[in-house]
Every structure is written in C-alpha cells, then in structure tokens.
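Try each task before you read its solution.

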Amino acid sequence: MSLESVRDHFANAAPELEIILTDESSATVILAAAAHGVSPGQIAKTLSFQLKDRVILVVARGDARLDNKKAKAAFGGKVKMLGLEEVEKLTGHPVGGVCPFGLAQPLQVYCDVSLKDFDIVIPAAGATNAAVRIAPDRMAEITAAEWVDVCQPPANGSC
C-alpha cells in the first residue's frame, strides 16, 4: 500500500518522476548508496520526530546528523525520534522506505539545507527497495516542505 500511495502522489503532483525499484534492499543509507551507485550523502533520509504535540519529518542528506541545538532553535522545542511502530503508523511507510511522499496523514515536512549540496538526491519511495531521483528543490515543492538548517556537517566536511 505504501508504494502505491507514493505512486498516487507522484501521479498527481509530479507525473514526470519515476520510481526506481531495485532487487536489493535500500533500507539504510549505506545499502541505498550501493544500490544506486552514489555517495551516502546523496541519499535523502527521512527522519520522523515528535515535536511537542505534533509529528514532523526532516529530510536530510544521508551522511548528516541532526544537531539538537539547531533543531531546538529552528522548531521552537526539543525533538524526539519516533519509535519504529509509530513511524509506520503515522507515515504509512515501513522503516527503510519512509519518505515525504504519499503519507498516510498530513505531516509537516522540512528539508535540511544539506540537501542543496547535490543537484539530484535519492529518497526512498515507500518501500525498502524503492527510491526516486529528484532535485532537492522539486522535492521541497511537491511536499510543501520548509527549508531549515538543523544538521551537523558530515565528518569529512563535505556539507
């Protein structure tokens, strides 16, 4: 169902996008990078957080880490990662396939500025072997995302 909800979202919001299905799992940043032949940074990971009384999604480059101080300043409060069961229930996507497209319910999406290091990023597409190649600005556009700066640069300084 999750993959279908992403297909439906793309049919309405971005018919030019094609979902890429791989034989191998792309459920982690490292697996996704290997499956798509890109650096881990180019994978767009979607993180699910509880913020006070609401759930938010943050999409960031795969090798970036959330900076708690930046996140607290940007969101006006401390964020807490959701548990595995909560993630699938609230997004409609299995862990490893979570993305900002075709959500089970409306959730606020934020894109970290770290994504702008790439012309094309590869987020999941609702399944652990599904993804899409998309420009960061296009992803933000079709998900009504706000841009934020909430991540630490990768250890290698490429962010």
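**Exercise 1. Charges and overall form**

Task: Count the charged side chains of the chain and say how far apart the centres of the two sets lie.

Solution. The chain carries 15 positive and 19 negative side chains. Lys and Arg count as positive, Asp and Glu as negative; His and the chain ends are not counted. Each charge is placed at NZ of Lys, CZ of Arg, CG of Asp or CD of Glu. The centres of the two sets are 10 Å apart.

Before going on, note the ground rules. This is a predicted model, where local features need pLDDT of at least 70, side-chain atom pairs count only at pLDDT 80 or more, and totals for chains, interfaces and linings use all residues. Residues are numbered from 1 along each chain as its sequence is written, and side-chain values use heavy atoms, with hydrogens and water left out.

Task: Does the radius of gyration of the chain agree or disagree with that of a compact globule?

Solution. Start with the rule: 2.2 Å times the number of residues to the power 0.38, with the radius taken over C-alpha atoms. For 159 residues, a compact globule would come near 15 Å. The chain has 14 Å, so the two agree. The C-alpha trace spans about 40 × 35 × 25 Å along its principal axes. Of the 159 residues, 51% are buried (under 20% relative accessible area; exposed is over 50%, partly exposed in between; 1.4 Å probe, protein chains only).

**Exercise 2. The partners of strand 2**

Task: Which strands pair with strand 2, and in which sense?

Solution. First, the inventory: 5 helices and 10 strands. Helices (H or I, at least four residues) and strands (E, at least two) are DSSP runs, numbered from the N terminus. Two strands pair if DSSP finds at least two bridges between them.

- Strand 3 (residues 54-61) runs antiparallel to strand 2, with 8 bridges. Here leucine 47 stands opposite valine 58.
- Strand 5 (residues 79-81) is also antiparallel to strand 2, over 3 bridges. Phenylalanine 49 has methionine 81 as its bridge partner.
- Strand 7 (residues 122-123) runs parallel to strand 2, with 2 bridges. Alanine 44 has proline 123 as its bridge partner.

Now check the turn. The hairpin of strands 2 and 3 has 2 residues between the strands, and lysine 52 takes a positive phi near 55° there.

**Exercise 3. Two residues compared**

Task: Is serine 26 buried or exposed?

Solution. Locate serine 26 in the loop between strand 1 (20-21) and helix 2 (29-36). Its relative accessibility is 8%, so serine 26 counts as buried. Its contacts (heavy atoms within 4.5 Å), beyond neighbours within four places in sequence, include His36, Gly96 and Asn129.

Solution. Glutamine 50 lies in strand 2. Valine 79 is 29 residues away along the chain, yet the two C-alpha atoms are separated by 5.6 Å. Among the residues that glutamine 50 touches are Val55, Lys78 and Leu82.

**Exercise 4. Helix 5**

Task: What do the buried residues of helix 5 pack against?

Solution. List the buried residues of helix 5 (residues 136-143): Pro136, Met139, Ala140, Ile142 and Thr143. Their packing partners include helix 1 (2-13), strand 2 and strand 6 (108-112). Just past the helix, alanine 144 takes a positive phi of about 55°.
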